[in-house]
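Hi,

Here is the structure I said I would pass on. Have a look at it first, and then read my notes below.

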Amino acid sequence: MERLNVLVTSSYYWPEGAGTAPYMTGLAEYLSGRGHRVVVATTFAHYPDWQSSANGRPAFSETRAGILIRRRAHYVPQRQSAAHRAFYEATLYASGLTALSMHPRPDVVIGTCPSLAGGALAATASALYRAPYG
């Protein structure tokens, strides 16, 4: 089996236990366990409490289960509205751009929706690295 370099973009990831986080974490860990090199570009945990775990850090990288996890801080609204959600998505995308670097380049990019930013980051990384995405 060929070893792939996989870039995953997601707004929700371990240690969050709700939403898409368990599924994205499981997918990344499965791929890593099969011998693929996996990098996850994500945020600090914030869902479902809508409170960021960044603790003042703009960025943080860690390795867990053989996966390089690149976390970036973003705006987390205290209350929901269309304007707050739009700003939330915009800052997810903008901060996520700084977490996309991967060497060697990814062979494939996997994005998750929700959020819109997770999918948009995958499309951007796909164009940047000329790699397929889904």
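One thing before the details: this is a predicted model. I started with A122, which, leaving aside its neighbours within four places in sequence, is in contact with T9, V109, I110, G111 and Y133. A122 also belongs to the largest nonpolar core, a set of twelve residues. As background, nonpolar side chains tend to be buried together in soluble globular proteins.

Now the strands. How much of β1 is buried? Five of its five residues are, so to speak, under cover. Both faces are covered: N5, L7 and T9 are buried on one side, V6 and V8 on the other.

β1 has two partners that I'd point out. With β2 it pairs in the parallel sense over five bridges, and T9 has A41 as its bridge partner there. To get from β1 to β2 the chain passes through α1, and this β-α-β crossover is right-handed. With β5 (residues 108–111), β1 also pairs in the parallel sense, over four bridges. T9 turns up again here, standing opposite G111 in β5.

Not counting residues up to four places away in sequence, N5 touches R37, M102, P104, R105, P106, D107 and V108.

Then there is T20, in the loop between β1 (5–9) and α1 (21–33). Buried or exposed? T20 counts as buried, because its relative accessibility is 17% and the cut-off for buried is under 20%. Leaving aside neighbours within four places in sequence, T20 is in contact with Y12, T112 and P114.

On to β4 (67–72). Five of its six residues are buried, so β4 is largely enclosed by the rest of the structure. β4 runs parallel to β2, joined by five bridges, and T43 has R72 as its bridge partner. β3 (residues 59–64) is joined to β4 by six bridges, and those two strands run antiparallel.

For α1, the 13 residues should span 18 Å at 1.5 Å a residue, and the end C-alpha atoms are 18 Å apart, which agrees. The buried residues in α1 are A21, M24, T25, A28, L31 and S32. They cover an arc of only 135° around the axis, which puts them on the same side of α1. If you want the reasoning behind that kind of pattern, an α-helix has 3.6 residues a turn, so residues three or four places apart point the same way. What covers the buried residues of α1 includes β1, β2, β3, β4 and β5. Y23 and G33 are exposed, on the face of α1 turned away from its buried side. Just after α1, G35 takes a positive phi of about 100°.

α2 (residues 82–97) has 16 residues, which should span 22 Å at 1.5 Å a residue; its end C-alpha atoms are 23 Å apart, which agrees. Which residues of α2 are buried? They are Y88, E89, T91, L92, S95 and G96. Seen down the axis of α2, these buried residues fall within an arc of 170°, so they line one face of the helix. They pack against β2, β4 and α3. The face turned away from the buried side of α2 carries A82 and A83, which are exposed.

Cheers

Notes. Residues numbered from 1 in each chain as written. Predicted model: local features only at pLDDT ≥ 70, side-chain atom pairs only at ≥ 80, totals over all residues. Heavy atoms only, no water. Core = buried A, V, L, I, M, F, W, Y, C linked by side-chain atoms within 4.5 Å. Buried < 20%, exposed > 50% of the residue type's maximum accessible area, 1.4 Å probe, protein only. Contact = heavy atoms within 4.5 Å. Pairing = 2+ DSSP bridges. Right-handed = clockwise from strand over helix to strand, strands pointing away. Expected span 1.5 Å × (residues − 1). Arc of directions from axis to C-beta.
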